[in-house]
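This briefing is meant for a reader meeting the structure for the first time. Please look over the sequence and the model below before turning to the points that follow.

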Amino acid sequence: MERVILCAFSLFFLMMGTTITGSDTGKQEEEYRARKLFVFGDSYADTGNLGKKLGRNIARSWFEPYGMTFPKKPTGRFSDGKVLTDYVASLIRISSPIPYKIRRVGDKLMLLQNGMNFAVSGSGIFDTGNFQRNLSAQIDEFQSQIDAGVFSEHDIKFSVALIASSGNDYLHFSQLDPNYLLHLHRFMDRLFPQLKADLKRFDRIGVPKVVVTNLHPIQCIPYYTRPTNYTICPANISAAVADHNRRVDRLVEELDGGSITTTFLSLDVNTAFSNVLRQVNGADKIKYLLVPCCESSSGTAACSQVDDQGNNLYRVCRHPEEHFYWDSAHPTQAGWAAAFEYLEPSLRSFLLPCPV
């Protein structure tokens, strides 16, 4: 009851434009509320940073049929519509932050009021061979915006950082080492110290809340299930994913316990996806769980690719909302919406001071 009364009291002042908390000295301080979202990572969070000039082979998200559900045209999102960034922004009641790539376009005050998205498709914690900015470089860009006065200390104080990782480091490693499954533990032993160093920078910058995704069930993406006609998720990959996610949890716990200014959350994307794919009780019902909506016609091309005559080398379903996966690796908007039903409670508890 005390919690309910306190939240009602805080919400009253929030509606009035002021939020008050008490302190030992009696000094009134503004209560934390995320007003800006800063996004880092890869295609699971990118909303337009991948350069269209890279062409269809790399920047597929800038060509049809991407964006066919939202906003009815390609915008650089690797989906038919919204991605994780959009749902997190909606939760804290802001619009999706502007991609770093187009930060100089349009009304700056309007565009920058929600934060900024530094995530770029194809990137990783390490360099991934895609000529994209790795996580360290993305944080460098964030720091440069702060140093230039684009974002103030007050902006940072009332912000949240989202770091999304969908496994590009492991994909790149598998391309370099044909026996990668035998050497994954050693690779992780190198990967996680770098991730730790990157995450500690948010603490030094002063970002109060940091959300880090774990790995989704990579073994179930269409890229891996196509050989079995989209019926079986290879078990050998799932063990590596589980190992990665245990390390994420340990790292976040360590960082959270060692920081005074920043709290960290490990966002369990893996369980969220798995609950939808397994159709657990209460999960949104999706008709096609492993079959992608946008599929290669030959098995060698990718969604949005065309031949020299401009003929499509892919086929697209009529109802993306019936599919969890959009292409060979990314969820549909409906897939993200279904998964976010499971992600929202932990995010709401972490980011919002009171139930609203």
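The secondary structure of this protein, seen here as a predicted model, comes to 11 helices and 10 strands. Of its 356 residues, 53% are buried, and among the contacts with a separation of 6 or more, 69% are between residues 24 or more positions apart.

**Helix 4**

- Helix 4 (135-147) has 13 residues, which at 1.5 Å a residue should span 18 Å, and the distance of 18 Å between its end C-alpha atoms agrees with this.
- At the start of helix 4, the backbone nitrogen of serine 136 has a side-chain oxygen of asparagine 134 within 3.2 Å, while glycine 149, which follows the helix, has a positive phi near 85°.
- Leu135, Ser136, Gln138, Ile139, Glu141, Phe142, Gln145 and Ile146 are the buried residues of helix 4, and the elements they pack against are strand 3 (36-41), strand 5 (115-117), helix 5 (153-157), strand 6 and helix 7.

**Helix 9**

- The buried residues in helix 9 are Ile237, Ala240, Val241, Asp243, His244, Asn245, Arg247, Val248, Leu251, Val252 and Leu255.

**Cavities**

- The model holds 3 cavities of 30 Å³ or more, and the largest cavity contains about 130 Å³ of space.
- The largest cavity is lined by 16 residues, of which Ile125, Leu135, Ile163, Ala164 and Ser165 are the closest to its centre.
- Helix 4 and helix 9 each supply at least two residues of the lining of the largest cavity, as do strand 6 (159-164) and strand 7.
- By class, the lining of the largest cavity is made up of 7 nonpolar, 7 polar and 2 charged residues.

**The second largest pocket**

- The second largest pocket holds about 220 Å³ of space, and of the 13 residues that line it, Arg77, Ser95, Ser96, Pro97 and Ile98 are the closest to its centre.
- At least two residues of the lining of the second largest pocket come from strand 4 (98-99), and at least two come from helix 3 (108-112).
- Within the lining of the second largest pocket there are 7 nonpolar, 3 polar and 3 charged residues.

**Serine 123**

- Serine 123 lies in the loop between strand 5 and helix 4, and with a relative accessible area of 2% this serine is buried.
- The side chain of serine 123 reaches the backbone oxygen of valine 120 at 2.8 Å.
- When neighbours within four places in sequence are left aside, serine 123 is in contact with Gly41, Asp42, Thr128, Gln132, Arg133, Gln138 and Asn168, and of these Gln138 is one of the buried residues of helix 4.

- Serine 304, in the loop between strand 9 (294-296) and strand 10 (314-316), has a positive phi of about 85° although it is not a glycine.
- Serine 304 counts as buried because its relative accessible area is 0%.
- Not counting residues up to four places away in sequence, serine 304 touches Arg56, Arg60, Phe63, Glu64, Pro65, Tyr66, Cys294 and Tyr314.
- Two of the residues that serine 304 touches, Glu64 and Pro65, are joined by a cis peptide bond with omega near 10°, and proline 65 is found in the loop between strand 3 and helix 2 (84-91).
- A cis peptide bond with omega of about 0° also joins phenylalanine 70 and proline 71, and the place of proline 71 is likewise in the loop between strand 3 and helix 2.

**Tyrosine 230**

- Tyrosine 230 is not a glycine, yet its phi is positive, at about 60°.
- Tyrosine 230 is placed in the loop between helix 8 and helix 9, and with a relative accessible area of 9% this tyrosine is buried.

Conventions:
Residues are numbered from 1 along each chain as its sequence is written. This is a predicted model: local features need pLDDT of at least 70, side-chain atom pairs count only at pLDDT 80 or more; totals for chains, interfaces and linings use all residues. Side-chain values use heavy atoms; hydrogens and water are left out. On a 1 Å grid over the protein atoms alone, a cavity is a set of points where a 1.4 Å probe fits but cannot get out, and a pocket is an open set with protein on both sides within 12 Å along at least five of seven lines; lining residues have an atom within 4 Å of a point. Grid points are joined across faces, edges and corners, and a volume is the space filled by probe spheres set on the points. Helices (H or I, at least four residues) and strands (E, at least two) are DSSP runs, numbered from the N terminus. Ala, Val, Leu, Ile, Met, Phe, Trp, Tyr, Cys and Pro count as nonpolar, Asp, Glu, Lys and Arg as charged, and the others, Gly among them, as polar. Buried means under 20% relative accessible area, exposed over 50%, partly exposed in between (1.4 Å probe, protein chains only). The expected span of a helix is 1.5 Å times one less than its number of residues. Contact means heavy atoms within 4.5 Å. A polar contact is a pair of N or O atoms within 3.5 Å; within protein, one must be able to donate a hydrogen and the other to accept it, and residues adjacent in sequence count only if both atoms are side-chain atoms.
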